[in-house]
Amino acid sequence: MFSRLRSDIQCILDRDPAARTTWEVLTCYPGLHALWLHRRAHWCWEHGFKWLGRFISHVSRFFTGIEIHPGAKIGQRVFFDHAMGVVVGETAEIGDGCTIYQGVTLGGTSLYKGAKRHPTLGRDVVVSAGAKILGGFEVGDGAKIGSNAVVIKPVPAGATAVGIPARIIPSKAGESADVTSQAPKFSAYGITQEDDPVSQALRGLIDSASGQDHQIALLWKAIESLSASRAQDDCVPQDAARKECFEAAKLNELVGK
């Protein structure tokens, strides 16, 4: 039991630069308190003490601002960061190492009792502030859910979901959290520059235009060399672009590369 408590505290120290000491984490982190109270509520729920489990959950909500149904299953090293207004439904499952920020809802869309109505989060999932994950589907290991996203369909491992309704941005080959050989770097609030679909589209257009500019310069150089060998300089216009002038690096920097 004590090893699990130490693990709960250490995961907060590892992921939150504002956490300075163990004593501060023990006394000032409502996410930790909500997690500990939930374990007692879940034990009561699993052993038939349904009302007592709900009551402990209710007390935990009053003191921490985090509402976790006693039937929800939560793994190890889960960190509720700030977490005011978080709602976790009855059949939700949260895998090891997940990080959940404030205003998140793990909700259900079905009214059938006993059915799997709430989402299942894999290992090391980051759910950013204000996100809503609605339905009984799975979010794969290492996935990231962007702030205020509304996710209504499964998210593959290592992918990112952003927008309303959420668009799924696949992970790059070999970089998914479930296949990488080294421990992935934790991204606070699930933010990485590589996951912005607008900047990705702009970078693609910039790279394409830069490639075309390079090809055009090569073509004019080839035409110029042929004209020189045949003494026909008038075949090449004076304003022909013999050098690349497209500033791809500068434009990529502007869009966040």
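Trainee: Why does Gly146 count as buried?

Mentor: Buried means under 20% relative accessible area, with exposed over 50% and partly exposed in between, using a 1.4 Å probe on protein chains only. Gly146 has 11% relative accessibility, so Gly146 counts as buried. Please keep in mind that this is a predicted model, where local features need pLDDT of at least 70, side-chain atom pairs count only at pLDDT 80 or more, and totals for chains, interfaces and linings use all residues. Residues are numbered from 1 along each chain as its sequence is written, and side-chain values use heavy atoms, leaving out hydrogens and water.

Trainee: Where does Gly146 lie, and which residues is Gly146 in contact with, leaving aside its neighbours within four places in sequence?

Mentor: Gly146 sits in the loop between β12 (144-145) and β13 (150-151); strands are DSSP runs of E, at least two residues, and helices are runs of H or I, at least four, numbered from the N terminus. With those neighbours set aside, Gly146 is in contact (heavy atoms within 4.5 Å) with Ser128, Ala131, Ala161 and Val162.

Trainee: What makes α3 roughly antiparallel to α4?

Mentor: The axes of α3 (residues 30-46) and α4 (residues 50-64) cross at roughly 170° and come within 7 Å. That angle makes α3 roughly antiparallel to α4: angles over 145 degrees count as roughly antiparallel, under 35 as roughly parallel, 65 to 115 as roughly perpendicular and the rest as oblique. Axes are lines fitted to C-alpha atoms, for helices over the stretch in contact, and angles run from 0 to 180 degrees between N-to-C directions.
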